[in-house]
Number of protein chains: 2
Amino acid sequence: MLANIDRLRELMERDGLDSVVATCPENVTYLSGFWAMSQWVRRGPQAYVLFPKGGAEPCLIANSGILDLVPDQNPWVKDIRRYGYFQIDVDTSVELDAADKLQKQLFESKPYDGSVEALAEAMKEKGLTRGKTGIDEMGITPQCMDQLVSLLPNVQFVRCFSLFERVRSVKTAGEIEIMRTAARITERAIDAALAVAREGVTEREMLRAFNACLAQNDAAPVVGCIGFGNRSAMINVQPSDRKLKKGDLVRFDVGGRYRHYRSDMSRGASLGEPHPRVAAYYRAVEKGLLRAYDVVKPGMKVADLFKEVVETVRREGIPRFKRSHVGHGIGVDGYDPPNISEKTTEVLEENMVICVETPYYELGFAGLQVEDMLRVTSHGAESLMSLPTGLRII
Amino acid sequence: MLANIDRLRELMERDGLDSVVATCPENVTYLSGFWAMSQWVRRGPQAYVLFPKGGAEPCLIANSGILDLVPDQNPWVKDIRRYGYFQIDVDTSVELDAADKLQKQLFESKPYDGSVEALAEAMKEKGLTRGKTGIDEMGITPQCMDQLVSLLPNVQFVRCFSLFERVRSVKTAGEIEIMRTAARITERAIDAALAVAREGVTEREMLRAFNACLAQNDAAPVVGCIGFGNRSAMINVQPSDRKLKKGDLVRFDVGGRYRHYRSDMSRGASLGEPHPRVAAYYRAVEKGLLRAYDVVKPGMKVADLFKEVVETVRREGIPRFKRSHVGHGIGVDGYDPPNISEKTTEVLEENMVICVETPYYELGFAGLQVEDMLRVTSHGAESLMSLPTGLRII
């Protein structure tokens, strides 16, 4: 199980919740271990996880058409309810293997008319017909929410997407292992993109090499910002046919998804000797990032981390450096808490996985950025990275 | 412009709407031509397109942090309003190029506190403080919706995601060109996966080849179901380490995203001679699909197309063939209307792009599926495919 169930129980108790319902793809997968494909590839398809307080069994609600995914994924939530019609035939002349047997059993279970009927019924069975239930408001459609309220008029529903975010911000050991691999794969893809870098290569050609490498390592592309020269100053630069020239800076701000978990990192490279101001500014933002490794530890105020990092960049060469944040948590979502900003009131906790970044964008000049993924340990910070942080000369 | 604006105006008039607001990624991109990156890669970030009836100018609302995407994408909606803070510096010692100049201008415009303040202000300016406005309920968060209602208490807001779906179901020439390319790239990726097929290759290895080929052709993977032998009967089979054996059927149900548009297709292959029942059943489902090319034309009832296809499969070799649908529209979403089912009351219209598919899943045996992307023409159907529909022997 990847979910931090202890933390979930703790926050449910803090908020006086009798149960919570995950509804958006990230939270459904996080809480149940089930990747409900249809809601990941489209907007609208409904899947829920009902998680009651105390010892009551959680329940997964999914469309009949994705139940074939259960045997391979083997989610820890075992009470699975389906809705909607899907026709599956069975070859009765052969002995089914274990996966097919389980599928057959799931397809023989009672189908509910819709997702909300199934959820409301599960809540009734678990005695959740009154009291307070947290509902993740980011995945359930307004129509389904209306229907749920009408089926359970005595339940007080409160929005709880932010509670899920807070639960997710402290990672379990299994999550950290996956994110370690996600980081390694993404670094390999940066190397693959740099391997095709030469005068005349286009941003788009480098992105192709980057994405193909992710694919070859079982990761999916999500963010692929690769910009050359003054285009590197575009915040989310989408690769174009701009050709690489001698002296160009190349900025990567890239990330993928591996086993449902995100990666996010940034590096810079220069084709030949960099412009002296590029080199100096790059060192300044790099030192800002490196400062995080000196100061991060559990209990540190996130706002203090922000200040340490920003002040370092200013002192090291960009006096006017200004940012709304210098990083964020990462997990099944690209931005888990904490947001590393001046206004954040949280403190760092052990096993948060955070991205620290110090991007500086100057139109007409360049965008300089170094971003690492790191884990808060019991006494400091552990990098999930292996690529050097320095500006790479290619 | 890709959006079918004439159809949008027509349906707005039908529903008595003074304006519509796109809020989910697909509709924002569809209506404005602007790919609002943050809402595509995460859940929560807000971007809107306000489209008033009559001649009033539409308006795009986006976070400051993605405005760098405007110059490259050059959306046809020119009234762009931003919200939130983002720090961008400018090199004042150089002459900015056109893209940087436009960025600078956007970053100098007034930032609103939040997305809803910006939207409400735009609606006020356009005189939309009463009357009926359609709001796409799939992208705006419940919190933002509450805020919008409180800022514009005299506006009657009605949900209009389904109106957008209906607008999108009839494609413009530009959309059809993109989808033609999306189909071609996906077929190439199927070929790339089959090129590595030999005894002992795994499902996962074939998916890697498939996804890497998409990446090399500027498309992103979305659906990658590739299953061998009895695993081909799993509806959404996710590639595993199962090795390919002589006589195995390989089922592909795959699709990607290219320039925001989806592809979706299915083919089968057999390593060596297929089992006779596999060959016979495959021919039956293939003939079901091919029947669509004989009967599709504008004005045909979708329910009649469903019947024609299902009856053909039954007659041609699978008497018990049963389906809830035999296809669907496709566009910026993987499932645009019409849903090709018995219950659909719509008729086919010229320039709908539809997927026709006749999957048959039998646990313990195999999953047989052929799926084409095709366009409804003025007098019939045009295939977007070039791969033969027959079972390929490898």
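# Close-up views of a predicted two-chain model

**View 1. The contact between chain A and chain B in this predicted model.** Chain A brings 72 residues to the contact, and chain B brings 71 residues. Together the chains bury about 6,300 Å², with 53% of that area coming from carbon and sulfur atoms. On the chain A side, three residues, Arg43(A), Asp89(A) and Leu363(A), account for 13% of the area buried against chain B, more than any other three residues.

**View 2. Charged and polar pairs across the interface of chain A and chain B.** The rule finds 14 salt bridges across this interface. One salt bridge links Glu26(A) to Arg43(B), with 2.7 Å between the closest N and O atoms. Helix H10 of chain A (residues 203-216) gives six residues to the side of chain A that touches chain B, the most of any element. By residue class, that side of chain A holds 31 nonpolar, 16 polar and 25 charged residues.

**View 3. A salt bridge between Asp89(B) and Arg320(A).** The side chains of these two residues meet at 3.0 Å, N to O. Asp89(B) belongs to strand E5 of chain B, while Arg320(A) sits in the loop between helix H12 (302-315) and strand E13 (327-329) of chain A, so the pair joins two chains. Side chains of opposite charge can pair when their charged atoms come close. Over all chains, the structure holds 66 salt bridges.

**View 4. Strand pairing between chain A and chain B.** Strand E16 of chain A (residues 360-363) pairs with strand E5 of chain B (residues 89-90). The two strands run in the parallel sense and are joined by two bridges. Leu363(A) has Val90(B), in E5(B), as its bridge partner. Strands of a sheet pair through backbone hydrogen bonds, either parallel or antiparallel.

**View 5. The seven-stranded open sheet of chain B.** The strand order is E6-E4-E3-E2-E1-E7-E8, and the pairing is mixed. Strand E6 (111-112) and strand E8 (155-159) of chain B stand at the edges with a single partner strand each, so one side of each has no neighbour in the sheet. Within the sheet, strand E2 (residues 48-52) and strand E3 (residues 59-63) of chain B run antiparallel and are joined by three bridges. Leu50(B) has Cys59(B) as its bridge partner in E3(B).

**View 6. Helices H7 and H8 of chain B against the sheet.** Helix H7 of chain B (residues 142-151) packs on the sheet and touches E2, strand E7 (131-135) and E8 of chain B. The direction of helix H7 of chain B makes about 155° with that of E8(B). Helix H8 of chain B (residues 161-168) lies across strand E1 (19-22), E7 and E8 of chain B. Helix H8 of chain B runs at about 90° to E1(B).

**View 7. The seven-stranded open sheet of chain A.** In chain A the strands are ordered E6-E4-E3-E2-E1-E7-E8, with mixed pairing. Strand E6 (111-112) and strand E8 (155-159) of chain A are the edge strands, each pairing on one side only. Strand E2 (residues 48-52) and strand E3 (residues 59-63) of chain A are antiparallel, with three bridges between them. Leu50(A) stands opposite Cys59(A) in E3(A). Helix H8 of chain A (residues 161-168) packs on the sheet, touching strand E1 (19-22), strand E7 (131-135) and E8 of chain A. The direction of helix H8 of chain A makes about 90° with that of E1(A).

**View 8. Backbone details at Pro338(A), Pro338(B) and His260(B).** Most residues other than glycine have a negative phi, and most peptide bonds are trans. The peptide bond from Pro337(A) to Pro338(A) is cis, with omega near 0°, and Pro338(A) lies in strand E14 of chain A (residues 336-339). In chain B, a cis peptide bond joins Pro337(B) to Pro338(B), with omega about 0°, and Pro338(B) lies in strand E14 of chain B (residues 336-339). His260(B) is not a glycine, yet has a positive phi of about 80°. The place of His260(B) is the loop between strand E10 (249-258) and strand E11 (261-262) of chain B.

Terms used: Residues are numbered from 1 along each chain as its sequence is written. Chains are lettered from A and ligands numbered from 1 in the order in which they are written. This is a predicted model: local features need pLDDT of at least 70, side-chain atom pairs count only at pLDDT 80 or more; totals for chains, interfaces and linings use all residues. Side-chain values use heavy atoms; hydrogens and water are left out. Contact means heavy atoms within 4.5 Å. Buried area is the accessible area (1.4 Å probe) that two parts lose on being put together, summed over both. A salt bridge is a side-chain nitrogen of Lys or Arg within 4 Å of a carboxyl oxygen of Asp or Glu. A polar contact is a pair of N or O atoms within 3.5 Å; within protein, one must be able to donate a hydrogen and the other to accept it, and residues adjacent in sequence count only if both atoms are side-chain atoms. Helices (H or I, at least four residues) and strands (E, at least two) are DSSP runs, numbered from the N terminus. Ala, Val, Leu, Ile, Met, Phe, Trp, Tyr, Cys and Pro count as nonpolar, Asp, Glu, Lys and Arg as charged, and the others, Gly among them, as polar. Two strands pair if DSSP finds at least two bridges between them. Axes are lines fitted to C-alpha atoms, for helices over the stretch in contact, and angles run from 0 to 180 degrees between N-to-C directions.
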